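User: Can you walk me through this one? I'd like to start with the ligand and then look at a sheet.

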Amino acid sequence: MKLHEYQSKALFARHGVPIPKGQVASTATEARAIAQELGGRVVVKSQVLVGGRGKAGGIKLAKSPEEAEALAGQILSMTIKGLPVRKVLVDEAADIRKEIYLGITNDRSTRRPVIICSSEGGVEIEEVARTNPDAIVREYVDPLIGLRDYNVRNIALAINLDREHWKAFSAIAMGLYQTYVDTDATLAEINPLVINGDGRMVALDGKIDLDDNALFRHGDLAEMRDLDEESPPETEARKYGLSYVKLDGEIGCLVNGAGLAMGTMDIVKHFGGEPANFLDIGGGAGADKVTAALRIIVAEPRLKAILINIFGGITRCDEVARGVIQAMKEVGITVPMVVRLVGTNEEEGRRLLADAQMITATSLADAAQKAVAAAK
Ligand code: GDP
Ligand code: MN
């Protein structure tokens, strides 16, 4: 789950990271009032859950409350990378002297958090990573010991940070690390971390990705979810406890078990098809869950065929069949459906589906080939 900039920065601030004064507005009039209170010179920032807002025109500087109102009006009517802007953050404007990148994520190969830092921060950080990788430094942190002063000194030295900023930088790195640990984040990032005209360091932008699997420990964070930013199928999938990832192909896959779902996608691709989604209904799914899954699958406009691959263990094939039949009544499925049911109650499942105009298959290879042919 991604947090907005304003939410991320509020969490950083709780851990002692300096952030600009500012507030969120959902109308231009509100933006004007906030700008007035901040003294007029502000930056108006779209709050959407994608990167590169600055380059897309979603970040604008204003010299007066009137200008802030006008710019907020413009930005609130924008759509950035497909996401409509519904809120803006109005922050006091910073006088930027230097932009630093500072982020933390998990490094799976070393099994530790890694701090990534660059003195070439700002909107071109991806370009820096491509063309000048040496300008990006990495410091690995032992998760049992936590972030230590020597780690921070290593980073400060490696990015050639002036000594006068080390103390502030250290407090910010510690605050960022603590936020990352306390929230069970998979990413916590400040870009840019700026040194401003009076020599202070401030986190101008903030980004946090939370680990969905740890959200049950963080009721307060779970409530920060912005449903407006989620696509309807994602919301629906979460409601029914389905693991769903939208993909770009045309064969919808309904499978039980993440491993089997991956295997199903691989074999679809092997026979020349493209999966429209990853969808794991999980173990022991009942008819309602199957119906919800099919509703999500048929909502995909590109869909040309559906492949249902169930290996019945704790999931019973007859329950899946009932779900399929219920979904056919409810949503009217117009594309061909290929079904492979194996395992617990498979005969009952097949008997239920016998009248239902379905292509049946015995092996996974057979099912995938039939689905690819049906989609053509
Ligand atoms: P992003 O494009 O989504 O990463 O949004 P950021 O919040 O990082 O803003 C993009 C860029 O806008 C920053 O790298 C800055 O160069 C610029 N910017 C943001 N806030 C201010 C500000 O208060 N003053 C000035 N002068 N520039 C700003
Ligand atoms: Mn940024």
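Analyst: Strands here are DSSP runs of E with at least two residues, numbered from the N terminus. This is a predicted model, where local features need pLDDT of at least 70, side-chain atom pairs count only at pLDDT 80 or more, and totals for chains, interfaces and linings use all residues. Residues are numbered from 1 along each chain as its sequence is written, chains are lettered from A and ligands numbered from 1 in the order written, and side-chain values use heavy atoms, without hydrogens and water.

User: OK, which strands supply at least two residues each of the shell around ligand 1?

Analyst: Those are S3 (42–46), S4 (59–62), S8 (96–107) and S11 (185–196).

User: And which side chains have polar atoms by the ligand's oxygens?

Analyst: Lys45 has one 2.6 Å from a ligand 1 oxygen, and Arg53 has one at 2.7 Å. Asp205 also has a side-chain N or O atom 3.0 Å from an oxygen of ligand 1. A polar contact means a pair of N or O atoms within 3.5 Å.

User: Where does ligand 1 lie relative to the domains?

Analyst: Between domain 1 (21–92) and domain 2 (96–222), because both give residues to its shell. Those bounds come from an automatic or database domain assignment.

User: Switching to the sheet: what's the strand order?

Analyst: The open sheet of 4 strands runs S2-S7-S3-S4, paired antiparallel. Strands pair if DSSP finds at least two bridges between them. S2 (22–25) and S4 are the edges, each pairing on one side only.

User: How many bridges join S2 to S7?

Analyst: 4, with S7 covering residues 88–92. Gly22 sits opposite Asp91 in S7.

Definitions and conventions. Polar contact = N/O pair within 3.5 Å; in protein donor to acceptor, adjacent residues only side chain to side chain.
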